[in-house]
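Subject: Structure handover

Hello,

Here is the structure I promised to pass on. Please open it first, then read my notes below.

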Amino acid sequence: MDPLLKLEGLSVHFSGLKALTNVSFDAYAGEVRAIIGPNGAGKTTLFNAISGYSQPTAGAIYFKGEAIHGLTPHDISIKGVRRTFQNGGLFPELTALENILAGLHTQIIGGFFGVILGSRAAREAEREGIARARSLLDLMDLEFLADQEVKDLSGGQQRMVEIVRTLATEPPLLLLDEPFVGLSPPMRTRMMEIIRKLAGEEGIGILLVEHAIDLVMSSSDVIVVLSSGEKIAEGKPEQVRENREVLEAYLGYA
Amino acid sequence: MNEQTSPNPPSNPKEVVASMTRMRRIFYVLPVIALAIPFVANEYLQFMANAILVYSLVTVGFNVVIGNLGQLAFANTAFFGLGAYTTAILMVYAGMPYMLAVVAAAVVGGLGGFLASVTALRGIRLYYLAIITLAFGELMRWTYLHADGITHGSDGLLMPQPSFFGIAMENETVKFYVFLLITVVLIKATSNLMRSRFGRAIVAIRDNEAATASLGIHTARYIILAFVWSGAVVGVAGAMFAALTERVFPESFSLTEVIVHFAMVLVGGTGSIIGSVLGAITLTALPEYFRQFPGMEELFFGIVIVCVLLFLPKGLVSLLRRVSPVFNERYYRD
């Protein structure tokens, strides 16, 4: 099987600071791949590089065999790589429904003049978008929050709405930046089920950055360990757990 | 799952949508009621009503950049002046009919908006953007003053009598109907724009620009759109202002003027079209009312602004929102 995402010798340096050095791995459709590592290991920089928010200093990123390094964040998103943000990427003053609608932006047709003049086609496209957004919220049992501004939602609800928004266009690859942070134990279990389901049933490739090691061990197929910007290990959870270098770098065992 | 309990009890969305659609009809009734104003107003009040229409467009346009896009860009007097001078110059020197000059004012105002957007796109934001756009406005005023071969400098440029498709706009009443038509069309168009994916992209950029790009939205394009739309609408307001005052002076587009525009946006409510109109009505009518207290006018004017901002930080429109959710403008159209 061809990899969905291929990183080749990826390096990102910020004026002397080596955030990532020579990182390579392949990610596949239907696979949950966790990126772990201590603070400052370069996990978020890796996400930023893949999604176009940081430019690689060296190396290459291929998505479905096509080079995507150097593209803008919106072009990479249009190609089918979507991400969430560590500190929440929702639009706080917009309702949950409007957030999902913004996620559907590229799929709602209707040109500028059609919109201005309120043409039938533009209004129909908008109505279809609204129906689609409501059904997406319904899928995650969030329909009752549709008309709430997201700044009034709990942290867990916000994470859920953000995931729904990211999934709205059915992207083949999803980057989840710390999806479990701020969730209560039952919500974590729920989130884990959702992630497993997206990969297993929908065949979506998932890359996730996470600190909670127990959740990573039980929810991912493959783990990539970063330390000081370099990949120090890659493998199945049980392999990584046994890896001495990982234990030293990440878990602090001697 | 205790976290999924909503602060508000769930209601049937279909029912809510249907009743909201019915209530929104009041927005169509308001312009119809306005048609009766010339029958009850004397010439002075009619002039005030016309000025309110001009300032409604000024505020609606300005609010797109300030409220919806959330950028502190103060080039509004530049757009306003460009619209007014474009209209006057084209009518005086090219004999262009008024309605065509209005379209030209929209185009030139939109170009001004595009220029202002370039600074924001270059990553100049917040107070840097504020100061650079204020400078743009002052630069334009300096130009009107010194290009006196064309603009007649501080004497002002006298407008020929405008006409609307053959009907001479010879008194305040005719002007009112023409202005009302233009204002209603542009407010409706702005409302359509804001309640579409375009308007959502603009407010999304305000709330979180990086996340907006992550949804495949070309953010630069929508920053330009917001500025150009704002410039075009305010440019048309300038064309109406030229017809209203019949003589275009550089001093009409000074720094004080942009402060008044900004106050209208804040007093009415940022990011709200209804609020923009309320702000324009309040801050156009009140100074006239306060004229009966000579020497105290500015004091009262200032007190009103301070009180509204202290007690209604979301503007006068928040009072209406307490009455009905229909005044809670959303960014989609069902």
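How many of the eight residues of helix 1 (residues 43-50) of chain A are buried? Seven are, so helix 1 of chain A is largely enclosed by the rest of the structure. "Buried" means 20 or more other C-beta atoms within 10 Å of a residue's own; "exposed" means 12 or fewer, and "partly exposed" is in between, with C-beta atoms placed from the backbone. The buried residues are Lys43(A), Thr45(A), Leu46(A), Phe47(A), Asn48(A), Ala49(A) and Ile50(A). Just after helix 1 of chain A, Gly52(A) has a positive phi of about 90 degrees.

Some ground rules. This is a predicted model: local features need pLDDT of at least 70, side-chain atom pairs count only at pLDDT 80 or more, and totals for chains, interfaces and linings use all residues. Residues are numbered from 1 along each chain as its sequence is written, while chains are lettered from A and ligands numbered from 1 in the order in which they are written. Helices (H or I, at least four residues) and strands (E, at least two) are DSSP runs, numbered from the N terminus.

Domains of chain A

The domain assignment gives chain A two parts: domain 1 (1-80 + 171-254) and domain 2 (91-168). Such bounds come from an automatic or database domain assignment. The C-alpha centres of the two domains lie 28 Å apart. Eight residues from domain 1 of chain A and six residues from domain 2 of chain A make the contact. Here, contact means that two C-beta atoms, placed from the backbone, lie within 7 Å. The domain 1 side of chain A has six nonpolar, two polar and no charged residues. For these classes, Ala, Val, Leu, Ile, Met, Phe, Trp, Tyr, Cys and Pro count as nonpolar, Asp, Glu, Lys and Arg as charged, and the others, Gly among them, as polar.

Helices 3 and 6 of chain A

Helix 3 (residues 96-103) of chain A packs on helix 6 (residues 155-167) of chain A at about 30 degrees, with axes 8 Å apart. That makes the pair roughly parallel. The cut-offs are under 35 degrees for roughly parallel, over 145 for roughly antiparallel, 65 to 115 for roughly perpendicular, and oblique for the rest. Axes are lines fitted to C-alpha atoms, for helices over the stretch in contact, and angles run from 0 to 180 degrees between N-to-C directions. The crossing is right-handed. A crossing is right-handed if the near helix is turned clockwise from the far one by less than a right angle, and left-handed if anticlockwise. Helix 3 of chain A contributes Ala96(A), Asn99(A), Ile100(A) and Gly103(A); helix 6 of chain A contributes Val161(A), Val164(A), Arg165(A) and Thr166(A).

Leu136(A) sits in helix 5 of chain A. Leu136(A) is buried, with 21 other C-beta atoms within 10 Å. Not counting residues up to four places away in sequence, Leu136(A) touches Ile100(A), Val164(A) and Ala168(A).

Where the chains meet

Chain A puts 43 residues in contact with 33 residues of chain B. Several elements of chain A each supply at least two residues, including helix 2 (73-79), strand 6 (81-83) and helix 7 (185-200). Helix 3 of chain A gives the largest share, five residues. By class, the chain A side has 20 nonpolar, 15 polar and eight charged residues.

Chain B

Helix 4 (residues 43-68) of chain B and helix 14 (residues 273-290) of chain B cross at roughly 135 degrees, their axes coming within 8 Å. They are therefore oblique to each other. The crossing is right-handed. Their contact has 11 nonpolar, six polar and one charged residues.

Helix 5 (residues 76-94) of chain B meets helix 6 (residues 98-121) of chain B at roughly 145 degrees, with axes within 8 Å. This crossing is right-handed. The contact divides into 11 nonpolar, six polar and no charged residues.

Last, two phi values. Most residues other than glycine have a negative phi. Leu126(B), in helix 7 (residues 126-146) of chain B, has a positive phi near 50 degrees. Leu126(B) counts as exposed, with 9 C-beta neighbours inside 10 Å. Phe165(B) has a positive phi near 45 degrees. Phe165(B) lies in the loop between strand 2 (163-164) and strand 3 (167-168) of chain B. With 8 C-beta neighbours inside 10 Å, Phe165(B) counts as exposed.

Best wishes
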